[in-house]
Amino acid sequence: MTITRPRGFRAVGLVAGIKSSGAEDLALVVNDGPRDTAAAVFTSNRVQAAPVVWSRQAVADGRARTVVLNSGGANACTGPDGFADTHRTAEHLSGLLGISAQDVLVCSTGLIGERLPMDPLLAGITAATEQLSSGDEADAAASRAIMTTDSVPKTAEATTASGVVVGGMAKGAGMLAPQLATMLVVLTTDADVDAATADAALRGATATTFDRVDSDACMSTNDTVILLASGASGIAVEAEELAEAVRAVSADLARQLVADAEGASHDVHVVVRSATTEQAALAVAREIARSNLVKAAIFGNDPNWGRIVAAAGCVPEAVAPFDVDHLSVTVNGVEVCRAGGAHRDRSEVDMTPRETLIEVDLGAGSATGDIWTNDLTHDYVEENSAYSS
């Protein structure tokens, strides 16, 4: 169990007929309370899908009872009609559940620029409300129904010392770049918390997990991470305890997103140390993570430290001051660059493991920052040159 492992939640995933493949494409997560606390974080892309616009408005009061998610269509760049479709979706589900449409959050994922097929979508929602349940089967079906190019469902859970449970499911395998990714994430908890506490926990978690995933430097129009709190445990958990559990589940899911990145053969962890500030460290780490030259080298099992140093040098000095003569690079435990020049022979580096660790020491301060990314492969190009759903 994952999203219904916390008390007070039911879920379902089914085939509504949105995808031509006949795969599951519609999921519901319902919070039965007694709390209806909600928080959400959305894409910062200026082009935002209709469900993002709707859900941002709906969750502004810190409340929500349910989330409806569809794959097979993003409902992005669909104009007023697309927003009307989202509104109609929320109204339809709210009528079936006997709640306000403002308590319905909507998420969509798939191809940009095409309207959703509303007849099968609404019929699927009606069927879904009749099949809501808790347990492994419901959770697994819901996590499958939100997949697009994902190869596997992504779920995680954690239990705090006081007995509060946090569960989560996510989708995402490409366009992984902050802020957030082409991801839909639903987190649930049975903690008895108010909206401000939930919002702080979620934002703190996303800042150090989902926002540190940068697969291909492409930002989606539909990124959404939602936290629902039912209060069904009756435990008024401390803010720090909840925040840590939400962060742990978010970190687990974010790591799964990288592991399932489209076409990837290496998961790459870029850690920058000895920077003047954390933001400086993150800027350098992100520049390295986004370098196609670095990604291609890793795909070829080549610990090409010259490309890593060159990428670091692309960050303006005003953003990340450092002296290149103090810079060092370590790849999978082998220091291949020291004081800005060659050190140990790069043939000593074992690049065969799935995970590659790139450590850069700027020699400029005491701050650290890290980014997760992946290599650039032929399969990534092939998959994204033929993407249609």
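Keep in mind that the model is predicted.

**Salt bridges**

- Side chains of opposite charge can pair when their charged atoms come close.
- The structure holds 24 salt bridges, and one of them joins the side chains of R63 and D36, at 2.9 Å from N to O.
- R63 sits in the loop between helix 1 and strand 4, while D36 sits in the loop between strand 2 and strand 3, so this pair ties together parts 27 residues apart in sequence.
- K154 belongs to strand 6 and D260 to the loop between helix 6 and strand 10, so here the linked parts are 106 residues apart in sequence.
- Both K154 and D260 are buried.
- R290 pairs up with D214, their closest N and O atoms being 2.6 Å apart, and this links distant parts of the chain, 76 residues apart.
- R290 is partly exposed at 35% relative accessibility, whereas D214 is buried at 0%.
- Salt bridges that share partners join R255, D267, R354 and E355 into one network.

**Helix 1**

- Helix 1 covers residues 50-58, and its buried residues include W54 and S55.
- What covers the buried residues of this helix includes strand 3, helix 2, strand 5 and strand 9.
- S55 has 0% relative accessibility, so S55 counts as buried.
- Leaving out residues up to four places away in sequence, S55 touches F42, L105 and V106.

Conventions: Residues numbered from 1 in each chain as written. Predicted model: local features only at pLDDT ≥ 70, side-chain atom pairs only at ≥ 80, totals over all residues. Heavy atoms only, no water. Buried < 20%, exposed > 50% of the residue type's maximum accessible area, 1.4 Å probe, protein only. Helix = DSSP H or I, 4+ residues; strand = E, 2+ residues; numbered from the N terminus. Contact = heavy atoms within 4.5 Å. Salt bridge = Lys/Arg side-chain N within 4 Å of Asp/Glu carboxyl O.
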